Amino acid sequence: MLLSDRMRAVAGLVQPCKSMADIGCDHGYVAMELVKSNVCRHVIAMDINRGPLDRAKRNIADFCLQDYIETRLSDGVSALRAGEVDGIICAGMGGKLVISILEQGKKLVGEMQQIILQPQSELSEVRSYLREKGYLIDREDIIYEDGKYYPMMRALPGAFGKLEWQISGNLEQKCRKSGVYVNGIPACRQPFDISEVSKGEAQRLTRVHDTYGPCLLTMAHPVLKRYLLWQKANLENIRNNLLSQRQLTDRQQCRVEELDERLSDIVFCLYCYFKNR
């Protein structure tokens with residue numbers, strides 16, 4: 001079974017459960033991995049297109065897993081019934097499509113135990129959507145494969161207020177007073193040492209967590225560090241090319257300021273790696 005490192009990592013984020021649905025299942029390999037590794041007893045492999053679904057069905061039959069995996073033609077979660085699965089996987093699709101699937105099925109998805117997401121784009125928008133809708137990102141991973149970086153996450157629907165964290169009372173009061181929350185959790189869970197929290201710091205924390213991932217930063221993930229350094233070098237190159245011109249237009253000046261903010265955020269994120277040495 002030709003399962004890439006990226007898709008194996010996606011499967012690795014699934015918490016053992018009775019049943020999952022793989023939205024946009026492609027060849028059905030993730031569904032097969034979940035069953036073969038005894039993570040799930042039952043998986044529904046779903047796709048909006050008949051072609052990928054037929055390929056998945058053939059692959060499932062080749063491995064004699066048709067008693068454990070069913071295929072279903074579906075636009076997002078439209079073909080799922082309430083309570084039918086414990087969670088969904090949305091991997092290998094654009095971030096806007098991921099948000100659309102979650103939004104269209106928000107009532108159904110909101111009752112699930114977990115959702116596994118691996119957006120190919122608009123990552124900050126996906127994380128922002130999860131934060132605003134009360135999801136908790138409780139685990140993340142990032143894989144470098146074939147010259148690309150692939151972040152992924154597990155989120156718990158309606159998790160706000162359900163989990164208890166060991167946090168400092170004084171720091172918690174400062175965080176609450178300043179309104180610093182990431183996915184509904186006080187900022188004292190962040191990888192940064194916050195003694196005083198200003199509104200600007202609150203905005204920065206939210207922005208960097210949406211952009212680079214709260215769990216990836218907390219664990220100082222080594223692949224994320226490579227990504228941060230790679231992106232830092234690219235942004236610095238763009239900035240230097242702009243500044244090499246004799247006179248900047250207003251639009252170019254705005255672009256330089258945008259690059260400065262992004263570079264400042266990257267340096268801020270890299271701090272957690274030096275702190276954890």
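This is a predicted model: local features need pLDDT of at least 70, side-chain atom pairs count only at pLDDT 80 or more; totals for chains, interfaces and linings use all residues.
By "partly exposed" I mean a relative accessible area between the two cut-offs, with buried being under 20% and exposed over 50%, using a 1.4 Å probe and protein chains only. At 38% relative accessibility, Arg8 is partly exposed by that definition.

Residues are numbered from 1 along each chain as its sequence is written, and side-chain values use heavy atoms, with hydrogens and water left out.

A salt bridge here is a side-chain nitrogen of Lys or Arg within 4 Å of a carboxyl oxygen of Asp or Glu, and by this rule the count comes to 16.

Arg8 has such a bridge with Glu33, at 3.7 Å from N to O. The pair links distant parts of the chain, 25 residues apart, with Arg8 in helix 1 (residues 5-12) and Glu33 in helix 2 (residues 29-36); helices are DSSP runs of H or I, at least four residues, numbered from the N terminus. Glu33 is buried, at 17%.

Turning to another pair, Arg131 bridges to Asp210, with the closest N and O atoms 2.5 Å apart. Arg131 lies in helix 6 (residues 123-132) and Asp210 in helix 8 (residues 199-212), 79 residues apart. Arg131 is partly exposed at 21%, while Asp210 is buried at 9%.

Lastly, Lys232 and Glu236 meet in a salt bridge at 2.8 Å, N to O, and both lie in helix 10 (residues 222-243), 4 residues apart, about one turn of the helix.

Key
Helices (H or I, at least four residues) and strands (E, at least two) are DSSP runs, numbered from the N terminus.
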